[in-house]
Amino acid sequence: MSSTRVLILGVLLDGPMHGYEVRRRLELWGADHWANVAFGSIYHGLAKMADEGLLTIVDKGRGGKTVYEITDDGRLEFQRHLLSHWREIKPIVDPFQVALTFMDRLSPTDLANAMEARIAQLRMSIEMTERAIGGKAGYGAARHIDECLRLNIRHLRAQLEWAEEALGKVRNGELP
């Protein structure tokens, strides 16, 4: 089951909602940054999970705002996949590793410039994410949602540390 489906089911544990409400909740949490949520897929996911019996339609509101509610089967499916996500270690898919694989295809100057740009982006991302901590609670997000941000910051810092070290190796002719 995709992370998006688990997120949708989890959001609906709080009560019936239409697609836009589900989307707004996930946006508030910043799920697009740490869960690879394609917000356009939420509406398709809702309809598909209703067809599968994981959700039920409780209102076909005005303006096409269909309200969904999680079923008992949906709750069981959520619980099963939630525990699976806690227990399984899966690779983090990062397109940057594709670029890293072919670092030898760039000139040392282009590689150093690209690495410097990445280092600047990493620092900016860390700063922006740090500023977001605590801010989501003001809009109704649970306190523990900030833990997703803290984990993301740690990933970014680890990559920054690696990039700074690797840049030194490029400048010293040790890489690629």
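In this predicted model, F96 has a relative accessibility of 17% and therefore counts as buried, since the limit for a buried residue is under 20%. F96 belongs to helix α6, which covers residues 96–101. The ring of F96 has an aromatic partner, W162. The two rings are arranged edge-to-face, with 5.9 Å from centre to centre and 70° between their planes. A search of the whole structure finds one aromatic pair, and this pair links distant parts of the chain: W162 lies in helix α8 (residues 146–171), 66 residues apart from F96. At 32% relative accessibility, W162 counts as partly exposed, because that class lies between the 20% and 50% limits.

A charged residue also meets the ring of F96. The charged end of R118 sits over this ring, 3.6 Å from its centre. The side chain of R118 in turn makes a polar contact of 2.6 Å with the side chain of Q159. Q159 is placed in helix α8 and, with a relative accessibility of 17%, counts as buried. When residues up to four places away in sequence are not counted, Q159 touches D94, F96, R118 and L122.

The largest nonpolar core has 26 residues, of which L12, V22, L26, W29 and L55 touch the most other members. Two or more residues of this core come from each of the elements α1 (3–12), α2 (19–29), α4 (41–51) and β3 (66–70). Helix α1 provides the largest share, six residues. What does L26 touch, apart from residues up to four places away in sequence? Its contacts are L7, V11, A31, F39 and I42. Another core lies apart from the largest one; it has 14 residues, including M115, I119, L122 and V170.

Strands of a sheet pair through backbone hydrogen bonds, in either a parallel or an antiparallel sense. Here, three strands form an open sheet in the order β1-β3-β2, and the pairing is antiparallel. Two bridges join β1 and β3 in the antiparallel sense, and M17 has Y68 of β3 as its bridge partner.

Notes: Residues are numbered from 1 along each chain as its sequence is written. This is a predicted model: local features need pLDDT of at least 70, side-chain atom pairs count only at pLDDT 80 or more; totals for chains, interfaces and linings use all residues. Side-chain values use heavy atoms; hydrogens and water are left out. A nonpolar core is a set of buried Ala, Val, Leu, Ile, Met, Phe, Trp, Tyr and Cys residues joined through side-chain atoms within 4.5 Å. Buried means under 20% relative accessible area, exposed over 50%, partly exposed in between (1.4 Å probe, protein chains only). Helices (H or I, at least four residues) and strands (E, at least two) are DSSP runs, numbered from the N terminus. Contact means heavy atoms within 4.5 Å. Two strands pair if DSSP finds at least two bridges between them. Rings of Phe, Tyr and Trp (its six-membered ring) pair if their centres lie within 6.5 Å; planes under 30 degrees apart count as stacked, over 60 as edge-to-face and the rest as tilted. A charge sits over a ring if NZ of Lys or CZ of Arg is within 6 Å of the ring centre and within 35 degrees of the ring normal. A polar contact is a pair of N or O atoms within 3.5 Å; within protein, one must be able to donate a hydrogen and the other to accept it, and residues adjacent in sequence count only if both atoms are side-chain atoms.
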